[in-house]
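Here are my notes on the model, point by point. Please read them with the structure open.

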Amino acid sequence: MGEDGAVTSASQRPDGPTPVPRLIATDLDGTLLRDDKSVSLRTVAALAAAEEAGIEVFFVTGRPARWMDVVSDHVHGHGLAICANGAAVVDLHAGREFVQVRALPRATARTVVTTLREAAPGTSFAVEMTTGINYEPGYPPFFQDPGATVATAEKLLHEEPEDRAAPVLKLLAHHADLAPDEFLALARSAAGAYASITRSSPTALLEISGLGVSKASTLELCCAERGISSAEVVAFGDMPNDVEMLRWAGTSYAMGNAHPDVIAAASGRTVANNEDGVAVVIERILAAHAARD
């Protein structure tokens with residue numbers, strides 16, 4: 001999701017010639033998707049053209065697998081997507097089947113819950129598992145899930161022994177009064193030794209994964225399996241959960257609607273998501289590639 005504040009249409013290339021990547025990694029909300037959650041025809045065409053040119057495309061998102069229908073029709077080739085901020089790799093060609101899970105241990109999640117309750121009284125939690133989301137009674141009903149269990153986080157994380165329980169992909173923590181970046185900084189200070197903590201919402205909603213689990217680290221694993229180096233990757237993003245990925249990629253672009261931390265992390269900028277900023281760059285890459293052939 002885009003960050004509140006000024007939106008620019010500035011487009012700035014990284015220094016030097018536009019590289020021809022082997023892989024494009026793009027966030028979804030606030031990046032590839034327009035604000036109405038659609039994928040524009042221009043973007044659909046750009047993604048297809050990239051795949052036809054031999055460039056792999058990975059969707060790398062904080063979304064859970066069950067929310068990937070919006071782009072399932074636009075996945076070519078391998079069909080894989082990185083979901084839940086790197087906690088899962090799913091096969092969109094196989095009905096969102098989990099290919100890899102990097103779980104948050106339940107004992108660690110319970111430690112984080114206790115720590116954040118002490119550091120930020122009033123925090124409410126949800127638990128995102130491979131089987132769906134469950135949440136506390138005080139957690140805001142962002143998305144109603146009729147199949148969800150409603151209970152305290154402590155109870156949700158004690159339901160079954162770890163070896164028989166559904167893997168926890170991420171813990172979500174919401175605070176009604178703190179500013180988003182203030183809550184993020186406080187949580188990282190208090191609990192950052194136990195887990196990876198980030199955010200992608202314009203509200204004070206944190207996303208908490210296993211220590212070392214991020215979009216960047218899972219993308220790096222996927223690239224290593226393909227013999228692709230970071231220098232051969234172009235990445236796009238708009239929010240703090242994209243920062244590590246943008247730093248890791250050889251070439252990276254912050255959207256025109258990006259959070260200041262994302263702008264600082266990226267090597268270049270493109271126009272906003274509603275102006276098809278990802279497609280703009282892909283078209284330029286392919287045009288440069290064609291000119292050199």
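1. Burial terms first. Buried means under 20% relative accessible area, exposed means over 50%, and partly exposed is in between (1.4 Å probe, protein chains only). Areas come from the Shrake-Rupley method with a 1.4 Å probe, and for residues only the protein chains shown count as cover.

2. Ground rules. This is a predicted model, in which local features need pLDDT of at least 70 and side-chain atom pairs count only at pLDDT 80 or more, while totals for chains, interfaces and linings use all residues. Residues are numbered from 1 along each chain as its sequence is written, and side-chain values use heavy atoms, with hydrogens and water left out.

3. Lysine 37. Helices (H or I, at least four residues) and strands (E, at least two) are DSSP runs, numbered from the N terminus. Lysine 37 sits in the loop between helix H1 (28–32) and helix H2 (41–52). Its phi is near 70 degrees, a positive value in a residue other than glycine. Lysine 37 is partly exposed, because its relative accessible area is 33%. Its side chain meets that of aspartate 29 in a salt bridge (2.9 Å, N to O). A salt bridge here is a side-chain nitrogen of Lys or Arg within 4 Å of a carboxyl oxygen of Asp or Glu. Aspartate 29 counts as buried, because its relative accessibility is 11%.

4. Asparagine 85. Here is another positive phi in a residue other than glycine, near 60 degrees. Asparagine 85 lies in the loop between strand S3 (80–83) and strand S4 (88–91). Is asparagine 85 buried or exposed? Asparagine 85 is buried, with a relative accessible area of 3%.

5. Salt bridges. How many salt bridges does the structure hold? The count is 15. One of them joins the side chains of arginine 22 and glutamate 232 (3.5 Å, N to O). Arginine 22 lies in the segment before strand S1 (23–26) and glutamate 232 in the loop between helix H7 (215–225) and strand S11 (233–237), so this pair ties together parts that are 210 residues apart in sequence. Arginine 22 is partly exposed, at 35% relative accessible area. Glutamate 232 also counts as partly exposed, at 25%.

6. The pair at lysine 215. The side chains of lysine 215 and aspartate 242 meet in a salt bridge (2.5 Å, N to O). This pair links distant parts of the chain: lysine 215 is in helix H7, aspartate 242 is in the loop between S11 and helix H8 (243–248), and they are 27 residues apart. Both lysine 215 and aspartate 242 are buried. A network of salt bridges links Asp27, Lys215 and Asp242.

7. Cysteines. A disulfide is a pair of cysteine sulfur atoms within 2.5 Å. By this rule there are zero disulfides. Cysteine 83 is in none; the nearest cysteine sulfur, that of cysteine 222, is 11 Å away. Cysteine 222 is in none either; the nearest cysteine sulfur, that of cysteine 223, is 7.0 Å away. Cysteine 83 is buried, at 1% relative accessible area. Cysteine 222 is buried too, at 3%.

8. Helix H4. Helix H4 (residues 106–119) has 14 residues. From its first C-alpha to its last, H4 reaches 20 Å, close to the 20 Å expected at 1.5 Å a residue. That expected span is 1.5 Å times one less than the number of residues. Buried residues in H4 are Arg106, Thr108, Ala109, Val112, Val113, Thr115 and Leu116. Contact means heavy atoms within 4.5 Å. The partners of the buried residues of H4 include strand S6 (124–129), strand S8 (168–174) and helix H6 (180–191).

9. Tryptophan 248. This residue lies in helix H8. Tryptophan 248 counts as buried, because its relative accessibility is 19%. Leaving aside neighbours within four places in sequence, tryptophan 248 is in contact with Ala216, Leu219, Glu220, Cys223, Ser230 and Val233.

10. Tryptophan 67. This residue is in the loop between strand S2 (56–60) and helix H3 (69–72). Tryptophan 67 is partly exposed, with a relative accessible area of 32%.
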